[in-house]
Amino acid sequence: MAKSHMFDPIPETELVELSLKNVAKVEAMIQNDSAYLKSSNKDACERGKYKGSTAYWMVQLKQILFGVESVAGEYADVLSNAIQAVDRDNSTHLNADGVGRDELFDRIKNIPKSLLVEYLKHPKESKYHLINVLSQATHPKDSKHKPRTNLSFASKFCHYACFYLFEGEDEQDNYSIYDNVVLRVLPRYCDYYKVSKLRSLAHDYLTYQATIDEIIKAAGGSISRNGFDHLLWYYFKGRD
């Protein structure tokens, strides 16, 4: 019976098929995986040592950005917790340089709230300005730490912000997650679908997302960026 629920491969390859059926399977697996249950739980707020899920804090952020007055807590507190939740749930290690969380908090907080929504909602029109702002090198305060360019965090913050701010709208799927597992296998999909990448995919978010879009289109265009991210990440993270 288990065999009937396995992912469908692309015939005569070691690649997983980019289909709605496979995306549905991976979403079911993730939603039942104990390692990821909390991060997508909108009701997972502060209890004991757990400081709240990405979903919970992004929903709070949505209510503040869209002017719901009944939200408990100030913008700075909610924004700080949203940053920490994305960092914690995705193991992006922002504070490996000693200043990452605070510095990225300041960068976002200094953007007017209405403009932040515009950057998230219209990334192409802004030339992915928010990604660029968040992925600039940090400034450690001592010689023990090195500057970090947090592109992975930048993409994940933008992705999850859109996922919860624009739920049910096209803009919910605005940002691909920049992930090392996906990055590692993208060239193989480029080869299979004869998609040419213009420059190196590493550290170039615009080319990275454009390449993903071309692969999805070449595969029939039936899945979302979010589905693509989840499928490739979950399928290949344990494979060589």
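Which residue forms a salt bridge with Asp 213? The partner is Arg 225, and the closest N and O atoms are 2.7 Å apart. Asp 213 belongs to helix α9 (residues 205-218) and Arg 225 to helix α10 (residues 225-236), so the pair ties together parts that are twelve residues apart in sequence. The model is predicted.

**Salt bridges**

The structure holds five salt bridges. The table lists some of them, including the pair above.

| Glu 14 | Arg 188 | 3.9 Å |

Glu 14 sits in the segment before α1 (20-31), while Arg 188 is in helix α8 (residues 180-193), so their bridge joins parts 174 residues apart in sequence. Glu 14 is exposed, at 58% relative accessibility. Arg 188 is partly exposed, at 37%.

Glu 103 and Arg 107 are both in helix α4 (residues 100-109). They are four residues apart, which means a separation of about one helical turn. Glu 103 is buried at 15% relative accessible area. Arg 107 is buried at 13%.

In the α9 to α10 pair, Asp 213 is partly exposed at 23%. Arg 225 is buried at 12%.

**Helix α2**

Helix α2 covers residues 54-65. Ten of the twelve residues are buried. Among them are Tyr 56, Trp 57, Met 58 and Leu 61. The buried residues pack against α3 (75-90), α5 (113-121) and α7 (151-165). Just after α2, Gly 67 takes a positive phi of about 80°.

Note on methods: Residues numbered from 1 in each chain as written. Predicted model: local features only at pLDDT ≥ 70, side-chain atom pairs only at ≥ 80, totals over all residues. Heavy atoms only, no water. Helix = DSSP H or I, 4+ residues; strand = E, 2+ residues; numbered from the N terminus. Expected span 1.5 Å × (residues − 1). Buried < 20%, exposed > 50% of the residue type's maximum accessible area, 1.4 Å probe, protein only. Contact = heavy atoms within 4.5 Å. Salt bridge = Lys/Arg side-chain N within 4 Å of Asp/Glu carboxyl O.
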